Amino acid sequence: MPQNFLITAASGNIGRELLPLLQPLEGARVILPTSNASRLEKVLPPPIDGSAEFIIEEGSIRDPSWLQQQLVKYEVDTVFLCLTGQDELFTTMNILDCLARSKVVKHLVYISACVDFTTPKGVQELLSHCSAGHILVKIITEQKLLYGNFPYTWTILRPTLFFSNDLRTKRSMLGANVYSEPLGEMGVSRVAPSDIALAVKNSMVNNEKWANKHVCVGTKQIYKGSEIAELWSKAIGKEIKMLPITEEGFESFEKRIVPFTGPEQGRELRLMVESFASRKLEMTSEEYKDQVELLGKEPECYETWIQKVGASWQE
Ligand SMILES: NC(=O)c1ccc[n+]([C@@H]2O[C@H](COP(=O)([O-])OP(=O)(O)OC[C@H]3O[C@@H](n4cnc5c(N)ncnc54)[C@H](OP(=O)(O)O)[C@@H]3O)[C@@H](O)[C@H]2O)c1
């Protein structure tokens with residue numbers, strides 16, 4: 001049966017990969033709220049006869065009344081929620097409430113992060129070593145979805161570290177031979193935004209099967225900082241060094257990103273990176289199996305992605 005979807009962050013890392021996956025869904029309507037319609041138009045897939053209809057609505061998803069109007073106007077039954085920024089807690093809670101008030105929404109797919117936020121052990125473990133606000137906000141959101149008695153079902157996706165984060169350090173790798181995000185030696189799983197998009201699409205289309213489930217998305221293998229630096233060294237043909245997990249290394253990371261993010265987000269990204277120095281970011285075998293079932297395939301290979309991107313930088 002055709003569905004009416006509302007997709008947040010459609011121009012973002014996941015959103016750009018998701019739109020082409022939704023396009024073949026005949027009869028579907030895909031509502032795209034955005035603060036910048038002309039920017040979003042540029043990433044829309046070219047129209048195809050008989051495919052899903054994309055409708056851009058310019059406005060602010062931070063405004064609950066406006067968002068609720070869009071849900072009701074288009075009789076949206078399925079929502080993809082991907083939020084970030086300093087207002088993430090307020091915006092997320094208002095939107096969870098809006099979906100209920102709209103009385104039309106049946107299913108939500110929510111982007112969280114690859115940590116167990118729903119058991120006391122998982123929450124305590126996270127709180128003991130991580131102070132990054134954009135991760136901690138996921139605790140309350142996941143708990144709210146679990147205990148909020150909402151009139152819609154949900155699927156929580158827990159991605160690991162996006163492959164595309166490495167693009168932030170392109171200039172530093174090419175110019176100063178340094179991977180400028182100190183990831184440490186505990187090891188982190190990585191994920192292709194295209195795999196997250198596929199997980200979103202499959203859990204939206206097949207929402208009964210994935211109702212009220214958490215699924216991690218990412219590689220089973222974890223990568224130490226030194227291994228990541230080595231992969232990039234091979235791909236771009238010169239030795240790349242990982243920024244060390246020392247006070248100087250973290251300080252240098254924060255200083256480099258503040259001009260792009262502002263001081264508040266710069267510090268909180270540093271807090272996230274510091275947390276990787278003392279804990280692995282990985283999933284269990286059970287979690288991995290669930291992911292493969294949801295994706296219908298193995299996740300994308302991080303090494304292959306690096307080789308492809310590295311080769312394109314050398315052209
Ligand atoms: N990067 C990682 O390694 C990683 C790992 C695990 C989880 N995550 C999670 O993944 C999510 C980010 O996904 P992404 O990179 O695909 O998104 P993104 O590229 O950062 O999407 C940004 C766009 O989303 C919309 N948006 C998001 N939050 C908003 C807000 N509070 N108010 C208004 N508009 C907002 C805006 O769209 P318009 O400008 O069009 O209005 C904004 O330009 C976050 O929840 C993050 O915590 C990231």
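This is a predicted model: local features need pLDDT of at least 70, side-chain atom pairs count only at pLDDT 80 or more; totals for chains, interfaces and linings use all residues.
Begin by selecting the strands of the open sheet. There are seven of them, arranged in the order E3-E2-E1-E4-E5-E6-E10, and their pairing is parallel. In general, the strands of a sheet pair through backbone hydrogen bonds, either parallel or antiparallel.

Next, colour the two edges of this sheet. They are formed by strand E3 (53–58) and strand E10 (213–217). Each of these has a single partner strand, so one side of E3 and one side of E10 are left without a neighbour in the sheet. If the view is turned along the sheet, the twist may be followed: from one strand to the next, it averages 20°.

Now select residues 4–7, strand E1, together with residues 29–34, strand E2. This pair is parallel and is joined over three bridges. Within the pair, Asn4 stands opposite Arg29 in E2.

Then show helix H4, residues 88–102. How far apart are the axes of H3 and H4? They are 9 Å apart, and the two helices pack at an angle of about 40°. H3 and H4 are therefore oblique to each other. The crossing in which H3 passes H4 is right-handed.

To inspect the contact, display side chains on both helices. On the H3 side are Pro64, Leu67, Gln68, Leu71 and Val72, which meet Asn94, Ile95, Cys98, Leu99, Arg101 and Ser102 in H4. The residues of this contact comprise seven nonpolar, three polar and one charged.

**Helices H10 and H11**

Move to helix H10 (residues 247–261) and helix H11 (residues 263–275). Their axes lie 8 Å apart, and the packing angle is about 145°. Here too the crossing is right-handed, as H10 passes H11.

Select Phe250, Phe253, Glu254, Ile257, Val258 and Thr261 in H10; these meet a set of H11 residues that includes Pro263, Leu269, Arg270 and Val273. Seven nonpolar, three polar and four charged residues make up the contact of H10 with H11.

**The ligand**

Finally, centre the view on the ligand. Which residues come nearest? Of the 27 residues around the ligand, these are Ala9, Gly12, Asn13, Thr34 and Ser35. The shell divides into eleven nonpolar, 13 polar and three charged residues.

Several elements may be highlighted here. Helix H1 (13–22), helix H4 (88–102) and strand E7 (161–162) each supply at least two residues of the shell. H1 gives the most, with three residues.

Technical notes. Residues are numbered from 1 along each chain as its sequence is written. A residue is near a molecule or strand if its C-beta atom, placed from the backbone, lies within 6 Å of it. Helices (H or I, at least four residues) and strands (E, at least two) are DSSP runs, numbered from the N terminus. Ala, Val, Leu, Ile, Met, Phe, Trp, Tyr, Cys and Pro count as nonpolar, Asp, Glu, Lys and Arg as charged, and the others, Gly among them, as polar. Two strands pair if DSSP finds at least two bridges between them. Axes are lines fitted to C-alpha atoms, for helices over the stretch in contact, and angles run from 0 to 180 degrees between N-to-C directions. Angles under 35 degrees count as roughly parallel, over 145 as roughly antiparallel, 65 to 115 as roughly perpendicular and the rest as oblique. A crossing is left-handed if the near helix is turned anticlockwise from the far one by less than a right angle, and right-handed if clockwise. Two residues are in contact if their C-beta atoms, placed from the backbone, lie within 7 Å.
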